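Please examine the sequence and the model shown below.

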Amino acid sequence: MDEQPPQDEELGIDTLLQHLGEEQHFAGAVVQPLFQNSLFVFDRCADLERVLRSEVEPFAYTRISNPTTALAEKKIAALEGTEACRLFSSGMGAISAAILSTVRAGSHVVCTNAAYGPTKGFLLEYLPKFGVETTLVDGTDIHAVEAAMRECTTLLYLETPGSVTFAIQDLEALVRLAKERGVSTICDNSTATPMFQRPASFGVDLVVHSVTKYLAGHSDIVAGCVCGSRERVHALTWSEGQYLGASIDPFAAWLLTRSLRTLPIRMQRHQQSATEVALFLRSHPAVEIVNYPGLTDHPARALIEKQMTGASGMLSFQLKNSSKETAFAFCESLRLFQIGVSWGGHESLAIPVPLLDGETWVIRLSVGLETASDLIADLRRVLDAVGE
Ligand SMILES: *Cc1c(COP(=O)(O)O)cnc(C)c1O
């Protein structure tokens, strides 16, 4: 009796990241080639006409689609458990396209106050000129979210864990609230990554990423993506994707496919080291608060267990002395943690960030892939010098 080869749905995610979409090899090359070309040529005009009319494949023009890009998109869709994914030239390219696909003049948006700064800027400072209003709310307070909803609300925008303090929003409850009102939902999943959280499994319509962070993971490309149903992703490809043109370069997509192959093992290591760092920080007398969703006594523990399977390498902590000056001096005294924006790469980073009150400063760490005991020694040296 012939055994059927396993279907994609039955394979583990680590297997899919190595093989999905790579059934054909060019000249036997084990690595898929880089299609660094802007256009594709045809023997017959009628074939070109058919491609241009609506189909994404076969390919005609790289602003819309490209085989190298399509391969990375296929793997990310498998990771997020969505029908489709569309890559963009940056996280903000993806986020602005996703938001624009859910609003029109007169629309109202409810957005968590824990969202990434430029996302809030786009909603609060840019979109009003097109007649779109936004209310920021504490996304951890379901009643506040409900109270902010209006008749004309078309979008609930979430980011969980949120920026800076990694506050957890209840995906299941918030999606229910939105669906009852016919409101679309978007969730920024950059921090947890699909290794640890799949917002689409809770009914979120569009999952967005700064691919620049963990999905790429090596601090060498800037990219973003939108994941969702075939229908929604197709529609935004041919409107916001085509008209705003924030298309990813094929070389960035090629590097991304290489990065995705190691995402599961990188995320395990980021999580393991960040847990060790968080436990160390919490034990130090100079530290007031540690914000890390991986701590077993996190205040939102039940919610974390419901919707997440891990906690990545992002955390923040507040010193007993939470002044800006102390936070700056702290970061400047570290040796292995470098000062810089962005995060999610191989290297550990530290940055001082103010809380929403503008006065309390925390230090955000991106725990990289260095030896954890070296990172802890670096932090211990500076913490001991700070004293209580
Ligand atoms: C960095 C970041 C973005 C923006 O992504 P870019 O790739 O820098 O455009 C969006 N969301 C979160 C949570 C981020 O950290």
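The loop between strand S4 (153–159) and helix H7 (171–180) contains Pro161; helices (H or I, at least four residues) and strands (E, at least two) are DSSP runs, numbered from the N terminus. Thr160 and Pro161 are joined by a cis peptide bond, with omega at about -10°. Val164 is found in the loop between S4 and H7 as well, and has a positive phi of about 70° although it is not a glycine. Phe166, too, lies in the loop between S4 and H7; its phi, near 60°, is a positive value in a residue other than glycine.

The model is a predicted one, in which local features need pLDDT of at least 70 and side-chain atom pairs count only at pLDDT 80 or more, while totals for chains, interfaces and linings use all residues. Residues are numbered from 1 along each chain as its sequence is written, and side-chain values use heavy atoms, with hydrogens and water left out.

Which residues surround the ligand? They are Ser90, Gly91, Met92, Ile95, Tyr116, Glu159, Asp188, Ser210, Thr212, Lys213, Ala223 and Trp343, each with a heavy atom within 4 Å of the ligand. Polar contacts (here, pairs of N or O atoms within 3.5 Å) involve several of these side chains. In Asp188, a side-chain N or O atom is 2.7 Å from a nitrogen atom of the ligand. A polar side-chain atom of Ser210 lies 2.9 Å from a ligand oxygen atom, and an N or O atom in the side chain of Trp343 is 3.1 Å from an oxygen atom of the ligand. The ligand taken alone exposes 380 Å², of which the protein buries 90%; accessible areas come from the Shrake-Rupley method with a 1.4 Å probe.

The helix pair consists of H4 (residues 91–100) and H5 (residues 117–126), which pack at an angle of about 35° with their axes 11 Å apart. Axes are lines fitted to C-alpha atoms over the stretch in contact, and angles run from 0 to 180 degrees between N-to-C directions. From H4, Met92, Ile95, Ser96, Ile99 and Leu100 meet Pro118, Thr119, Phe122 and Leu123 of H5, where contact means heavy atoms within 4.5 Å. By class, this contact of H4 with H5 has seven nonpolar, two polar and no charged residues. Met92 and Ile95 of H4 meet H5 and are also among the residues around the ligand.

Terms used: Nonpolar A, V, L, I, M, F, W, Y, C, P; charged D, E, K, R; others polar. Polar contact = N/O pair within 3.5 Å; in protein donor to acceptor, adjacent residues only side chain to side chain.
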